[in-house]
Amino acid sequence: MERHSVLYHYTDFQAVDGILRCAQLRVNNVLRMNDSAEMRHFMKRLCAAIAERLEQDGRPDQAGQVRLLFHEELKKEYSAFAACFSFHRDDAAQWERYGNRGRGVCIAFQREYLQRMARGALSLQRVFYQDSMAGHPMVEVFCHLIEEGEEPSGERLRQAMREAWACSVSFKHPSFSSEYETRLVVSPFEKEELPVRPCYHVSKERIKKYYPLDLKAMCEEAGIGIEDLIREIIIGPDSTQSAAIFQDYLRDNGLRGLAERVSLSDCPLRGLMT
């Protein structure tokens, strides 16, 4: 199989039940994931790139205005929601970080069909890992508006700031580059286009907000079935789950085709996790 044709989602069995039996894929708040500072990291680096460009063009006062504008913007808490995938199959680091420390499941999704399903407020975004934003197109957008004399409170500059926040969802610090990630993203500024009401998971410690995407409806709209969307299911290297019982679970929930695509991980991590 082609390396980039499949996206792997590492998770636990409770989430798998939601995806397979309930046909729901949750998109969770990016700011509550393990890389919670990445949106702000992008915005800070973007600010630095814009200010540096303006200073090089002999506009130090405007560079200062940009720094102040972003300083005020970063006091806000914007959020985006995403489901995360990797191009890595049966990967040790992915199992440990996202697959319940090897005791969970990895679901292989056909990238082509996920791309077809990503419409409206949903987008499938490849994550890029870099520190310098000097070559990012948003630098040109901001500099052009500032050169035209747009005021910091102007609508066009505010729209550019919203677009910058949306772009920030698909950027992560270079130290995460080994994850080789793609995200199914709900933009933080396009929620009115998403016909899905948010849900809340209440635990003893906190309340988490998420959006449950209706996989069945999305598949029907894309002209495919859930069994077309999912290429294989891998049981984690440190899981005690019986493959036979998992296959029975799939058959009894009307997913007979997927039962034949269940396999055990070959990753040599069994018994090494605490």
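These legends describe close-up views of a predicted model. Local features need pLDDT of at least 70, side-chain atom pairs count only at pLDDT 80 or more, and totals for chains, interfaces and linings use all residues. Residues are numbered from 1 along each chain as its sequence is written, and side-chain values use heavy atoms, with hydrogens and water left out.

**View 1. Helices H2 and H3 pack together.** H2 spans residues 38-56 and H3 spans residues 60-73. Helices (H or I, at least four residues) and strands (E, at least two) are DSSP runs, numbered from the N terminus. Two packed helices are described by the angle between their axes and the distance between the axes. Here the angle is about 170° and the axes are 8 Å apart. That makes H2 roughly antiparallel to H3. Axes are lines fitted to C-alpha atoms, for helices over the stretch in contact, and angles run from 0 to 180 degrees between N-to-C directions. Angles under 35 degrees count as roughly parallel, over 145 as roughly antiparallel, 65 to 115 as roughly perpendicular and the rest as oblique. H2 brings Met43, Leu46, Cys47, Ile50, Ala51, Leu54 and Glu55 to the contact (heavy atoms within 4.5 Å). H3 brings Pro60, Gln62, Ala63, Val66, Arg67 and Phe70. By class, the contact has ten nonpolar, one polar and two charged residues. Ala, Val, Leu, Ile, Met, Phe, Trp, Tyr, Cys and Pro count as nonpolar, Asp, Glu, Lys and Arg as charged, and the others, Gly among them, as polar.

View 2. Leu215, Met218, Cys219 and Ala222 are buried in H8, residues 215-222. Buried means under 20% relative accessible area, exposed over 50%, partly exposed in between (1.4 Å probe, protein chains only). Exposed Lys216, Glu220 and Glu221 sit on the face turned away. Asp214 caps the N-terminal end of H8, with a side-chain oxygen 3.2 Å from the backbone nitrogen of Lys216. Just after H8, Gly223 takes a positive phi of about 80°.

**View 3. Gln125 lies in strand S5.** S5 covers residues 122-126. Gln125 counts as buried, at 19% relative accessibility. Its side chain joins that of Ser123 in a polar contact of 2.9 Å. A polar contact is a pair of N or O atoms within 3.5 Å; within protein, one must be able to donate a hydrogen and the other to accept it, and residues adjacent in sequence count only if both atoms are side-chain atoms. Leaving aside neighbours within four places in sequence, Gln125 contacts Ala166, Ser170, Thr182, Arg183 and Val185.

**View 4. Thr11 lies in strand S1.** S1 covers residues 6-11. At 9% relative accessibility, Thr11 is buried. Not counting residues up to four places away in sequence, Thr11 touches Val16, Tyr98, Gly99, Asn100, Gly104 and Val105. Val16 is one of the buried residues of H1.

**View 5. Asp90 and Asn100 have positive phi values.** Most residues other than glycine have a negative phi. Asp90 has a phi of about 50°. Asp90 is found in the loop between strand S3 (81-86) and helix H4 (92-98). Asp90 is buried, with a relative accessible area of 14%. Phi of Asn100 is near 55°. Asn100 lies in the loop between H4 and strand S4 (105-110). Asn100 is partly exposed, at 39%.
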